[in-house]
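Dear colleague,

I am handing over the structure below and would be grateful if you could look through it before we speak.

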Amino acid sequence: MASAQVRECSERSILDQEPMQLGRPNLDEFAETLLALAKNDRDIVVLTSDSRGSGKLTHFGRTLPAQMIEVGIAEQNLVGIAAGLASSGKKPFTVSPACFLTARALEQIKNDVSYADHAVRLVGISAGVSYGPLGSTHHSLHDLAALRAIPNIDIVVPADNFETRAAIRAAAFYTRPIYIRFGKRPMYNLHRANTPFSIGKAITVLQGTDVTFVGTGETVQPAFVAALRLRQQGVSAGIISMHTIKPLDTEALLKAALRTRALVTVEEHSVNGGLGEACAATLLQAGATVPFRIVGIPDEYTCTGSQAEILGHYGISASGLVEAAENLLHNERTTCPT
Amino acid sequence: MTLRNLKLRSVHYRKLILSLIKQAGAGHTGGSLSCIDILNVLYNQVLNVSPNNLSDPNRDRYIQSKGHSVEALYVVLADKGFFPAKELEKVCGYQSHFVGHPTRKVPGIEHNTGALGHGLSFAVGASLAGKIDGRGHRVFVLLGDGELAEGSNWEASLTAANYHLDNLVVIVDRNGLQITGRTEEVCALEPLEDKFKAFGYCVRSVDGHDVRELSHVFAQVPFEPGRPNLILARTVKGKGISFIENAADWHHHVPTDEQFMQAIRELDEVERLLVKDLEVTLREDAA
């Protein structure tokens, strides 16, 4: 898994002027950022469902034991308690594997958090197919779709350490419900430290005129490598990190649709109800009929394998994305001669 | 408020509940009538909450997990001045924020409920916040007995005991009925008191319609330092109206005109006897 990614990213360092630095897992970035915030704000409390180890929060628990609440393996209770804490002035971060947090506790998220409007920060760890061979019980490929249909909750899927750090810092001061999900493998740094970040505003990493990849979360990285490979072939490829799924930055999306001949969305999520369909709905309703392709996990329980193997199997890889873009551009040329 | 006045207030609330349900053409009659004495004592005798201290972090909290009995809550909150009683004309109306289950858009309501099995976890969170911040507020949460089949209640109970939440007061409206029929036939709960004790609660069992007993038991909170409190309130679903009492199909029936008038007559008679009793006492006192 790691070696495939290293290989792809080292190719990028050959292709591009500035080598990408390997960071750490977004999970580690999250844990360290949260601890730093909590040291200065005693209202920040972390709730875990026997997940402090998985959430890299063991050190947090030792350092600030009074600010950590353990509820055991009980996700419904986790979210309900967090809502009660938020109602009394606390700033709760619930940290639990994304698969359980957003399925087992979906009614608590809908009613106790979003409908009742309590500022709970829901953090889905080991998201997507991070758990790889542990199987579909542990995959969260539904979470974006499920939460998109619930009013009054923002959804953020950071790509790299920078976006993770910025999202967690923003969440600490958030006054409405928010869901942040990420994985656990080391991430390459896509952005410079002074890159502007705000929830709801996509980051255009590269501008292109032939094809733009619109990625979210950790899939932005293979999309980045794909864009660089395409550029080497003379294809003007761009990339947008759509770290916020809701509210979607429709302006950035429509601008990309205007300046580029094709759009490819990519997500570590079901093709049903995630980033791709959100973009498709936006584009169609704005009258933008750009050639378009959604890359994600199809409507099936995944094949068995490591995270990288599963993602590769479904074309969520640099080579898969290059192929998707080439097919789209080829079809566009053959069907739209002008 | 004196016990006699509390009793009179219960009769008054029962009339208002029936009027509200009749006027809205919808509501949960049986459950509202079974919990109204509990709400009466809480809001008139126990809770340090008023329209003037709703943003005070030290206020007591009341969470109604059995959200379907919202009519009982609405009439009590209106009576306590959280909003004008006239607002109740909007209950269940188009674009009204007086929904058929509690929402925070109504002044005085702490949490949105209606889906069952949610109130206790929320109350545990509010209690934990009080403990962490060293505040003296208490959190009261009313559960229906039917909703005890929701596993989330037992998850929350584990946490309440684990964190020694003696500022949490769980009240169970044990009327023995749910929409399908008797709780013991639908999903048997007994021995309920033993179950709660095994989960770490300090349990008190009371007559949930006896305002004296209710006042007395609430005054004893916390029952034991370091343990969450549980009041098992034995109640009668539809209490106070002869033909509604203990009838499962009155879970959310709306009375007909004739049934409504009959119910009001029964309550008028109870009120008349209470007032007569009061007059006798006053004469005796004067003599």
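Helices (H or I, at least four residues) and strands (E, at least two) are DSSP runs, numbered from the N terminus. On that basis, chain A has 13 helices and 14 strands. The model is predicted, so that local features need pLDDT of at least 70 and side-chain atom pairs count only at pLDDT 80 or more, while totals for chains, interfaces and linings use all residues. Residues are numbered from 1 along each chain as its sequence is written, and chains are lettered from A, with ligands numbered from 1, in the order in which they are written.

In chain A, 55% of the 338 residues are buried, where buried requires 20 or more other C-beta atoms within 10 Å of the residue's own, with C-beta atoms placed from the backbone. Helix H6 of chain A (residues 106–115) has 8 of its 10 residues buried, and is therefore largely enclosed by the rest of the structure; among these buried residues are Ile109(A), Val113(A) and Tyr115(A). Asp117(A), which follows H6(A), has a positive phi, near 60°.

Turning to chain B, there is an open sheet of 5 strands, in the order S1-S2-S3-S7-S6 and with parallel pairing, where two strands pair if DSSP finds at least two bridges between them. Strands S1 (61–64) and S6 (202–207) of chain B stand at the edges with a single partner strand each, so one side of each lacks a neighbour in the sheet. S1(B) runs parallel to strand S2 of chain B (residues 139–144) and is joined to S2(B) by 4 bridges, with Ile63(B) standing opposite Val141(B).

With best regards

Methods
Buried ≥ 20, exposed ≤ 12 C-beta atoms within 10 Å, placed from the backbone.
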